[in-house]
Amino acid sequence: MIPGETLHYLVMAIVALISVVATYMAIIEKDLLKAVIFSALQSGMYAILYFLLLAPDILLVYIPVAVGLIPGVLIVLISRTERWEKE
Amino acid sequence: MRIVEIAVIILIVLAFGLLITVAFSYIAPGTLIRPLGEFYLYATYNPYDPIVRLFTAMSPESVTAIVWDFRGLDTLFETSVFYLAIIGALALTRGLMPAPKGEEGQGLSVIVKSVTKITVPMILAVGASVGLHGHLTPGGGFQGGSVIAVIPMLMIVIFSVLFLAKRMNITGFLILRSIGLAIIGFTGVALFIAGLVQGVPAWVFQNMPKPGAPLSMPVEVHGALISGTLWFFNLAEMIAVASGFSIAFLILLLVKEVEFRG
Amino acid sequence: MEPTEFLNLYLLSVTIASILANLVISLYGVFYKPHYTKKIIAVSILSDSINTIAILIGFRRWLSPSQPPSVAIATDLSPEGIKKFANVAVDPLPQALVLTAIVIGLAVTLFLIYLGYMLYRHYKTLDMREIRRLKG
């Protein structure tokens, strides 16, 4: 089968490529609510990358902060100001 | 303008390509790590080696030992930066926050409310376990505090803002945060004051005995490892971070809409 | 160079290059998107990408096909166990510095969000081109 080291790096490369797609969709999107959801998806992919890079302390800070707290506060800001980005 | 944007992007990508080619042997990971990192790994729990035992931190978790013992002053200043951000946000909204009065909102349905009443103590238990075992397993003060800070956000969304603000106002959370910061400050100078009282030289932020300063915080309590100041720092940082985040949410959600006069 | 070693090096380079591509795209978003909330999202992606590069530098590769690297926590506390641990574990120093950097970036982002709300109350819009034209 595939040797262990190559499998480890292969999963890291797949997760990083998905995060590039999520970042591009977040910057291009005009609906700000969808942009926040894409940015939360990118943060989830980064959290898996931190686990594969053997850094569990960073993972335990990053998951509540970047997937839960920051999108929550951003959604409150969007609901009080504007939702659509004009051209 | 399209051409200028595209030209800027291409220039940035070319510059980063040059950077990767020049720095590849430094950025790409190898099988050896830096000598300073290897020293921290060797010295994090080492009462055996005759020279390294003077510099050890007596905690098997090297990241927590670096954050609170080897580089403790960096963490002190980072705590003060976080504190300044919260105080700045409070000063911006001064005079705009009315007292929490009036009837509470309706919130979500009964099913969600009863499930939340079960899961909130579980979140509290997980956060406390992650935070207080920071010197033995991955975790520590920031991690436990961030997990506990999810609770006020859940309660604000599922019940209502006034439900939380009537029971525990911003002043209550500020008092909790100040208690946490005071415990950090006191633990930092505890050994220094003990050294002054006994007439023995001692450093500020000292954890284990160093050459020339023979005082030490307790390493074990009835056979369980607590690694001196690390346990107290983790406990205080957990309280301070959780209440700091709660203040941040409550400020953003309690500011009232005032018409723009002008 | 044998094919397995080339494949490992290529997959590592793909990871490094995609984190750098994230950095480039979010820099573009900070400069060229006029809405304030979009700029805040792009700044948070930028700071996360830089922290990930710092942790990538501290990684340690496999010493041999049966010896993976280990987490920076010592489980075997005898003298020989500590020597073996110092030869196999990843670097703990970048992780400690990134911990501080994440908390400071979070405090700055929270403060930026408050400033955005105060801007909207004063100017009734969050489009930076119109705010620059209005000038108070």
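**How many residues of chain B are in contact with chain A, and how many of chain A with chain B?**

## Where chain B meets chain A

On this interface, 19 residues of chain B touch 12 residues of chain A. Bear in mind as you look around that this is a predicted model. Putting chain B and chain A together buries about 1300 Å², with 72% of that area on carbon and sulfur atoms. Four helices of chain B each bring at least two residues to the side that touches chain A: α3 (62-70), α6 (141-148), α7 (150-158) and α10 (229-254). Sorted by class, that side of chain B holds 13 nonpolar, 4 polar and 2 charged residues.

What about polar links here? There are 4 residue pairs in polar contact between chain B and chain A, counting pairs with both residues at pLDDT 80 or more. The number of salt bridges across this interface is 0.

## Where chain C meets chain A

Now turn to the other partner of chain A. Here 49 residues of chain C are in contact with 50 residues of chain A. Chain C and chain A bury about 4700 Å² between them, and carbon and sulfur atoms carry 73% of it.

In total, 2 salt bridges link chain C and chain A. Polar contacts between these two chains come to 13 residue pairs, again with both residues at pLDDT 80 or more.

Which elements of chain C give two or more residues to the side touching chain A? They are α1 (3-32), α2 (36-57) and α4 (93-123) of chain C. By class, the residues on that side of chain C divide into 27 nonpolar, 15 polar and 7 charged.

For the complex, the predictor gives an ipTM of 0.93 and a pTM of 0.89. Chain C has an average pLDDT of 89, and 98% of the residues score at least 70.

Among the elements of chain C, α2(C) has the highest mean pLDDT, at 95. The lowest mean pLDDT among the elements of chain C, 86, belongs to helix α5 (residues 128-134).

Notes. Residues are numbered from 1 along each chain as its sequence is written. Chains are lettered from A and ligands numbered from 1 in the order in which they are written. This is a predicted model: local features need pLDDT of at least 70, side-chain atom pairs count only at pLDDT 80 or more; totals for chains, interfaces and linings use all residues. Side-chain values use heavy atoms; hydrogens and water are left out. Contact means heavy atoms within 4.5 Å. Buried area is the accessible area (1.4 Å probe) that two parts lose on being put together, summed over both. A salt bridge is a side-chain nitrogen of Lys or Arg within 4 Å of a carboxyl oxygen of Asp or Glu. A polar contact is a pair of N or O atoms within 3.5 Å; within protein, one must be able to donate a hydrogen and the other to accept it, and residues adjacent in sequence count only if both atoms are side-chain atoms. Ala, Val, Leu, Ile, Met, Phe, Trp, Tyr, Cys and Pro count as nonpolar, Asp, Glu, Lys and Arg as charged, and the others, Gly among them, as polar. pLDDT is the predictor's confidence in each residue, from 0 to 100.
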